[in-house]
Amino acid sequence: MKKLVTLLYFLLSGSSIPYLCAQSLNELNKTPLKQEVFVQLPIGSIKARGWLLKQLEQQRDGATGMAEELYPEKDNLGKNTDWLGGSGNSWERVPYYVKGLVALAYTLDDPKLKAKAQKYIDWTLNNQQANGSFGPPKMKDWWPRMPMMYALQSYYEATNDQRVIPFLSKYFKYELNNLDADPLSEWAKARAGDNMEIAIWLYNKTGDQDLLKLVEKLKQQAYPWIDIYSNNGFYFFGDDFQPKHMVNVAQALKFPVVYAQLQDLPSNLEAFAKGITHIMRDHGQPEGLGSGTEFLAGTSSIQGVETCTVVEWMQSLETAAKVIHEAKIGDQLEKVAFNALPAQFSRDFKNHSYYTLPNQVQNIHSEHGFNQDYSTGMISSPYSGFGCCRYNMHMGWPYFVKNSVVATPQKGLAIITYGPMEIETIVAGNKKIKLTEETNYPFEEQIRLKVGLTAPTSFPLILRIPAWSVKPSIRLNGVVLKGVKAGEMFSLTREWKNDDQLELNFPMEITTQTQVNNSVSIARGPIVYALEIKAADKVTKVHPVAGFTDYETHPESSWNYGLMMDKGSLGNARVLKSKMMENPFIAATAPVKIKVQAKKIPSWGLDYRKVSAFDVPFSPVASAEKKEEIILVPYGSENIRLSCFPVIGEPKKLNKNFVENFDHGMARNWVFYGGGWFWKDGQMNVSSNPGSGGYGINGSKYVANGTHFKDFVYQADVKINTTGDAGLMFRVSNPAIGADAYQGYYVGLDQVKGSVLFGKADGQKWTVISSEKFPVEMNKVFNIKVVAKGDKFDVFINGSAEPSLSATDAQYPSGSIGLRTYKALASFDSVKINTF
C-alpha cells in the first residue's frame, strides 16, 4: 500500500494533470474581495501555435534551456547553489529563473524542462524551515521568496502537487507574525505587490482570513505606490532610488490593482491608469513603455529600456487586465509584447541586450553615461549588463501565453490578447471546450476562432476589440454581428455548438505618433516599425557553451533619415506583404514591411564619443538631399534600429518671446540628458543619484530643443540645494549625455567656490570664459538674468542694477535654451525669455 501511495504522489507532483482536473484549481475571488474579477486558467491550458510557439521553442533550445550551463557558478545556477542546499549565494537569481522556467516547461509540456525545474521545486518544498520560512536559511530577505512563490503557483496549477498549499499557508503565517519585527525594506518594500498577489490567490483556495490581514500589512509596509502613481511621485524620495528604479516601477504597476481587490475604491483602480499616463508622458517610448537606465530616464530617443522592465511591465498589465476589464490594457500589453520584448533578444533567443534604445544605430562595448552604466549593457550576449535580466527574462513569452485567455465569473472566457493558440478548459461549470485560434496576428488582420464542444453549451465569450482597429468586424458562422466597436470589450452570450466559427477582422492602418523632439514613430496595428538597417555582427567573445557568443552590431547602411510627410500624413506609405515565416522577428524576411519616402540628414550623426547617435533632431528638419524610398521592418526584428524619425520640412523652432512656469508638470518639447529631472510643486528639480555609476549624472541638462534664440534677455529662478553649481544654458545645439556634451554657453552659480561663472562647451571640453565672486547660499532662490547681444553677455543676479559678470565670446551665435546642474541638486522655476 505504501508503494502505491508513493507512486500516486509522484504522478501527481511530478507530471502534468489533465486540464479538466487542473481547471478546478483556480477559484474566483471570495468575499470580501472585489467580485467580477477574471481568473487565469491553469498553466498548460493554453498552448501556443505557429510563430508564437516558435518563440517558446527558441527559449527552450536557447537561453532558458541552457541557462544552467551558461551560469554554473554556485552563486548563480550551479549545483552548489544555496537554493539546492549548497554553499552559494544565489539570492534572486534562482527564483527569477525558476519562475520563467516552470511557466515555459508546462506551457510547452516539455519533460526536460520540467525535470530542470523539479529539483528546485522539490528542494524548496522539502526544506521548509520549522518556523515556516523557506529558501536558503542564511538568506534574510523577504524579496527573493516572492518570485519563487510565483513559480510554486504555476507549478501547482499544472500538477496539483498537494504540498504547495500547506507550504504557502505556513509561510504566510510566518510572514504575518514576523513583519512587525522585520519589516519590508529595499527590494521587498518596492515589490510587495508580488507577495500580495500570491496571498490573494491562496486566500481564494483556503479562505484563511489571516491572508487578508497579511495583504493589508504588506500594503502598509510597502512604498506608497498608489500615491506615487497618482501624483507622479517617483522622484520624491531623495537618496532612496527604489521608487524611481524603472524595474520596480514596472513591477509595482500591478500594486494598486492587486490591492483594489481588497479595498475596492476608485482611487486604487485609477492609480494604475494615472501611473501609466504619467510615465508615458514624461518618459514614454515608441515601443509602449517608459524608459529606465536604470532610473526613469525621460523621453530621449537615446535612453533605453531594461529587459527586466519589459517582462515586469507585461506581467503587471496581465494582472491588471483581470481586474480592470478595459480593452486598452490588452492593447498596451500587445504593444510591449510584440515590440519591446523581441527587441531585447537575439533572433534565436540565445542572447539578450540589457538595454535597448528607440534609436540604437550600433551596439558596441562602451559606456553611454546612463545612471546605471555597463560597458556590456548594449551588446548582444548571454552576459549583457547586470546579472538580473539574464534570469528574469524567461517569463516574458510564457506569461504572455498563459494570460492571453482568462475565465470569467459568469463561467465563460475572455480573450485579452491574440495570437495563434489552442485553449482547452471548461466553461459553464464543467463543460469541456477546445477553442482554436488560427491566425498570424499581429502580422495579419484576421483571427479565426473555432469552438469545439461535446454538446451545445451556453456561456459568455468576451473579445477585446483593439482601439487602433479601423471598422472592426466579427462574423459568427458567416453572419456579421452588430455592436462591435473599436476600443471595447465585446461580449457574446449564446448557446454555442460544436464547430461554431468566429471570424474577427481588425483592419490595420499605418499611423504615426508624436515622439521626442516632435519626431514621429510609425505603427500598423500593434506593431511599431523601424528603419531596416543593414547590419554586421562582430563576434567579440566565444563562450565555453557551444553556440553562445558575444557580438557587437555595426551599421552597414545609412540610418540618418527623415520622413517625407504631407500635412502630417504618410500618404505615400505602402505596405509590403510576403510569406509568413516561422520566426517573423527577422528583419530580412519579415512578413510585413512598410515602404516610405525619406531624405538623409547629413548633419545628424554619432555623438561626441562616437558611441550612439545624437538624439533625434527637432522636427521639421531641412534637407537638400534627394528623395529616397526606405524600408521599415517590425521594431523587434532588429538588434539596431531607428524608430523615432525626424520629419523633413522648414524648421519651425520658437524664436520669439517665451514663458515657462512649469505650472502643470514637465514642459512639452523639453528633454533631459543625463541624471534625472522631475516636476514637483510647480517647479523643475534635479534628482539625487547616490550610488549611480554613469558619467551622465554629473552634468545633467534639461533642454528646450524646440527653441532657437539669438539676442535676448533670458532669466529664471534657481535654488541650489547642495554643493555644486546650477544655472542656465543658451545658444545650445547637439545636447547629449555627459557634463560637457553640448555646444553652447552656460551661466551658473557655484556654491562651492562662491562665484558666478560663465563658460562654454564644445561637446567634449568645458572652457571658463569669465568668473566673479558671489555669495551663493544653499536653499535660497536666486534670479539669474542673462542679456545676450551678439558676442556680448551681461549676467544679473536678483535684479541687480549692475551686471554681476560681463563677458564676450563669438563662438555660438544662436541656439536653444535650457537648464543645467553640475554635481548639485537644484530647483528651477519662472523661465522667461524676451528677444530683441
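**Figure 1. Lining of the second largest pocket in the predicted model.** Strand S30 (701-709) contributes the most to this lining, with 3 residues. At least two residues each also come from strand S32 (725-733) and strand S39 (815-822). By residue class, the lining comprises 14 nonpolar, 9 polar and 2 charged residues. The model shown here and in the following figures is a predicted one.

**Figure 2. The largest pocket and the elements around it.** The volume of the largest pocket is about 990 Å³. Among its 41 lining residues, those nearest the centre are Met280, Gly284, Gln513, Thr514 and Gln515. Helix H15 (266-283) and helix H17 (327-343) each supply at least two lining residues, as do the strands S16 (510-514), S17 (520-524), S18 (527-531) and S27 (670-673). The largest share, 5 residues, belongs to H15. The lining divides into 18 nonpolar, 17 polar and 6 charged residues.

**Figure 3. The largest cavity.** The structure contains 6 cavities of 30 Å³ or more, and the largest of them has a volume of about 330 Å³. It is lined by 24 residues, with Gln40, Gln153, Glu197, Trp201 and Lys322 closest to the centre. Two or more lining residues are given by each of strand S1 (39-40), H7, helix H10 (192-206), helix H16 (307-323) and helix H19 (396-402). In this lining, 9 residues are nonpolar, 9 are polar and 6 are charged.

**Figure 4. Helix H7, one of the elements lining the largest cavity**. Helix H7 covers residues 145-159. Its 15 residues should span 21 Å at 1.5 Å a residue, and the end C-alpha atoms, 20 Å apart, therefore agree with that expectation. H7 is mostly covered, as 15 of its 15 residues are buried. Asn160 follows the helix and has a positive phi, near 60°.

Figure 5. An unreviewed UniProt entry places the feature "domain: Non-reducing end beta-L-arabinofuranosidase-like GH127 middle" at residues 418-508. Over these residues the chain is 55% strand and 0% helix, and the end C-alpha atoms are 15 Å apart. The domain assignment divides the chain into domain 1 (406-505) and domain 2 (658-835). Taken over C-alpha atoms, the centres of domain 1 and domain 2 are separated by 57 Å.

Technical notes: Residues numbered from 1 in each chain as written. Predicted model: local features only at pLDDT ≥ 70, side-chain atom pairs only at ≥ 80, totals over all residues. Heavy atoms only, no water. Helix = DSSP H or I, 4+ residues; strand = E, 2+ residues; numbered from the N terminus. Expected span 1.5 Å × (residues − 1). Buried < 20%, exposed > 50% of the residue type's maximum accessible area, 1.4 Å probe, protein only. UniProt positions renumbered as here; feature names shortened; annotations may be inferred. Domains from an automatic or database assignment. 1 Å grid on protein atoms, 1.4 Å probe; cavity = no way out; pocket = protein on both sides within 12 Å on 5 of 7 lines; lining within 4 Å. Points joined across faces, edges and corners; volume = space filled by probe spheres on them. Nonpolar A, V, L, I, M, F, W, Y, C, P; charged D, E, K, R; others polar.
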